[in-house]
Amino acid sequence: MIEIGNLKINGVVLGPMAGVTDMVFRVLCRENGADLVYTEMVSAKAITYNNKNTKELLTTDENEKPVALQLFGNEPQVMAEAAAMIEGYDFDMLDINMGCPVPKIVNNGEGAALMKNPALIEDIVSAVSHATKKPVSVKIRKGFEEGEENAVECALAAEAGGAKVIAVHGRTREDYYFGQADWDCIRKVKEAVKVPVIGNGDIYTPQDAERMLNETGVDGIMVARGAQGNPWIFNRINAYLKDGTLLPEPTINERIQMALRHARMEIDFKGEYIGIREMRRHVAWYMAGFPGASKVRDKVNLAENYEALEKLLNIYLQ
Ligand SMILES: Cc1cc2nc3c(=O)[nH]c(=O)nc-3n(C[C@H](O)[C@H](O)[C@H](O)COP(=O)(O)O)c2cc1C
């Protein structure tokens, strides 16, 4: 059990993924055992400009709670202003992105670039913590680049600023998502701070989850890519951690039914034109390993409506 301010959760969470963890996917992961879900990252500056594209990113559903809303930015005052503006929205924790590696963000001094400046981390977390009553958290990496592995220093700065929980992805910005995550840096952060720590990086199976807990001593674990096309992973991890039960992997029929329900929910939320296009990548993940998947995937990528998608997937029903 992790206590984050007033929020009490078991520790198996869905990590934030831009373009993936929208409201619909978060609801599906919660239904399948995730204890906490994170939104896609949202620009603090865009919130303060009342940018209408951020509206959808800020939308949450009661069935996904508890949910952490993730902001990115690098100016303490702007971040605090954004936090105050969304205080009335229905989310449970405010997370600050300190890990995004993409050049567009990093070159602005945002995302993982914050790790080059622990004093700024403390200022941002402190400004945001004063602007909201919700618990504030951060998600950091191992460091910015090799030779600058300062996760412990950044975690201590975030804690000093008032962060209530710290998630650590065991890769540097330079690593992006490649290679193997370094869990030892997660252990070092856990040993250094008093607030709860969530370990992240390369958890794809219930056994990985148990190993992360044992090797690092973290309070919770975060699954990101391992949940793509695979919301069942949370129940499977929970069962295994509880008493060693290894639940079976979902069957082909279960995958198809989940993909189609996901599509219907996505279309309800975003309309058919956008919904069906956003589903293309999810469907590819649900279909991973299906016989002849690559040919069917090509056709799915041309599907323009729900009926076409259903027809393509139903050939696999057994
Ligand atoms: C497509 C994609 C989008 C991501 N978007 C975000 C994001 O918006 N905010 C964030 O903090 N991390 C983001 N991440 C990083 C993940 O939350 C996570 O830290 C990383 O994928 C490592 O965990 P994993 O090995 O379980 O995937 C993203 C990762 C992927 C693959």
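So, the second largest pocket: about 170 Å³ of space lies in there. Keep in mind that this is a predicted model. Who lines that pocket? The list is M1, N10, G11, V12, D35, L213, D219, G220, I221, N238, L241 and K242. By class, that's five nonpolar, four polar and three charged residues. Helix α10, residues 233–243, and strand β10 each supply at least two residues of that lining, and α10 gives the most, with three.

Okay, on to the largest pocket. Its volume is about 550 Å³, and 33 residues line it, with P16, M17, A18, K139 and Y177 nearest the centre. Several elements give two or more residues to that lining, including β4 (36–43), β7 (136–143) and β8 (165–172), and β10 (220–223) is one of them too. Split by class, the lining has 16 nonpolar, 10 polar and seven charged residues.

And what takes up the space of the largest pocket? That's the ligand. There are 15 residues around the ligand, and P16, Q70, N200, D202 and R225 come nearest.

A polar backbone atom of D202 sits 2.7 Å from a ligand oxygen. For M41, a backbone N or O atom is 3.4 Å from an oxygen of the ligand. With H169 we're looking at the side chain: one of its N or O atoms is 3.5 Å from a ligand oxygen. As for how covered the ligand is, on its own it exposes 610 Å², and the protein buries 89% of that.

Technical notes
Residues numbered from 1 in each chain as written. Predicted model: local features only at pLDDT ≥ 70, side-chain atom pairs only at ≥ 80, totals over all residues. Heavy atoms only, no water. Near = heavy atom within 4 Å. Polar contact = N/O pair within 3.5 Å; in protein donor to acceptor, adjacent residues only side chain to side chain. Areas by Shrake-Rupley, 256 points an atom, 1.4 Å probe, with all protein chains shown as cover. 1 Å grid on protein atoms, 1.4 Å probe; cavity = no way out; pocket = protein on both sides within 12 Å on 5 of 7 lines; lining within 4 Å. Sits in = over half its atoms within 2 Å of the grid points. Points joined across faces, edges and corners; volume = space filled by probe spheres on them. Helix = DSSP H or I, 4+ residues; strand = E, 2+ residues; numbered from the N terminus. Nonpolar A, V, L, I, M, F, W, Y, C, P; charged D, E, K, R; others polar.
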